[in-house]
Amino acid sequence: MEIFEILDEDYLLRRIPVDNPNYIKPDGNITSFAFKPKKGLDEISVNLKKLTSYRDSVLDDAKFKLVQLTAVVVRQNNLDCNHSPEPDNYSHSSIKGNFINSASKNMARNSVLLEASMDFNN
Amino acid sequence: MKLPKKISPFPKNSNTPNKDISSKIRIINQLNDFALLEENWDSYGALRISENVIEKAISVVKNLYLKNIFIYYTAPSPSGDILLELKNKNKTIEIEISPESDITYTAFKNGDEIKAGIWIQDNEELINWFIE
């Protein structure tokens, strides 16, 4: 399986719950919980946008939406991101490192909510 | 034909007791709904939210509403914690309730962290800073 180098300008996608609970705050901002690993872990999963589609990444659009951020934002927060494909998800990638609160907040602040109709190829 | 006048559930003044009660009930209902979440509710392996954490969160909420402080936002974390967020103009307090440890808070002004520590229900200094 070919491993892609993630460039600074590449987009990473993260699913966020929007029903119960809703990770979009009343002012439209995304909670930093969207970019926090479980306690004791030092990584979260994302998808590399150029290798996936909205439908494949969102899994269940009644429960989730997608947010995107560029790899440079991840790296500016002293975190690493790498393409780490899985058998059922070739676009799977990982953000790894020391997830201090400010890093999760910065990633949430710099992430953009995607519309379901968005065509990734354009 | 003259249509009947619509009656708002809330009186015009937004700081009325009715509005407070509605907001409090909405937040408590949201917190109770967190108990319905199955493991992996975020699709990335998030843990269930324990009843103990929800009860602790509801207790904090009730105490804050007694001081006329509203909860702006609440959400569970992938680790089973609950966040309660308070907002007043450029000030924010994030209260984090964990299953296994003390309740903690972080206070922000204009997005910058000002102070953090263990949440004490009657921390007058913090509450006064927040509401001033």
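Hi everyone, let's start at a turn: strand 4 and strand 5 of chain B form a hairpin with two residues between them, and B:Asn110 in that turn has a positive phi of about 50°. Strands here are DSSP runs of E with at least two residues, helices are runs of H or I with at least four, and both are numbered from the N terminus.

A quick word on what we are looking at. This is a predicted model, where local features need pLDDT of at least 70, side-chain atom pairs count only at pLDDT 80 or more, and totals for chains, interfaces and linings use all residues. Residues are numbered from 1 along each chain as its sequence is written, while chains are lettered from A and ligands numbered from 1 in the order in which they are written.

Strand 4 (residues 104-109) and strand 5 (residues 112-118) of chain B are antiparallel, with six bridges; two strands pair if DSSP finds at least two bridges between them. B:Thr104 has B:Ile118 of strand 5 as its bridge partner.

What is the order of the strands in the open sheet of chain B? The order is 1-2-3-4-5, five strands with antiparallel pairing. Strand 1 and strand 5 of chain B are the edges, each pairing on one side only. Ignoring direction, neighbouring strands are turned by 15° against each other on average; such angles run from 0 to 180 degrees between N-to-C directions, with axes fitted as lines to C-alpha atoms, for helices over the stretch in contact.

Let's walk back through the sheet. Six residues link strand 3 of chain B to strand 4 of chain B in a hairpin, and B:Glu94 sits opposite B:Thr106 of strand 4. Seven bridges hold strand 2 and strand 3 of chain B in antiparallel pairing, with B:Asn88 opposite B:Lys91.

Is B:Lys89 buried or exposed? B:Lys89 is exposed because it has 8 C-beta neighbours inside 10 Å. The cut-offs use C-beta atoms placed from the backbone: 20 or more others within 10 Å is buried, 12 or fewer is exposed, and in between is partly exposed.

Strand 1 and strand 2 of chain B make another hairpin, with five residues between them and B:Gly80 in the turn at a positive phi of about 95°. B:Pro76 is bridged to B:Ile82 of strand 2. Strand 1 (residues 73-76) of chain B is covered on both faces, with B:Tyr73 and B:Ala75 buried on one side and B:Thr74 and B:Pro76 buried on the other.

Now for the neighbouring chain. In contact are 18 residues of chain B and 16 residues of chain A, where contact is C-beta atoms, placed from the backbone, within 7 Å. On the chain B side, strand 1 gives the most, with three residues.

And the inside? The largest nonpolar core has 27 residues, and A:Leu12, A:Ala34, A:Val74 and A:Cys81 have the most contacts inside it. Strand 1 of chain B is among the elements that each supply at least two residues of this core. A nonpolar core is a set of buried Ala, Val, Leu, Ile, Met, Phe, Trp, Tyr and Cys residues joined through C-beta atoms within 7 Å. A second, separate core of 16 residues includes B:Phe34 and B:Leu64.

Definitions and conventions. Contact = placed C-beta atoms within 7 Å.
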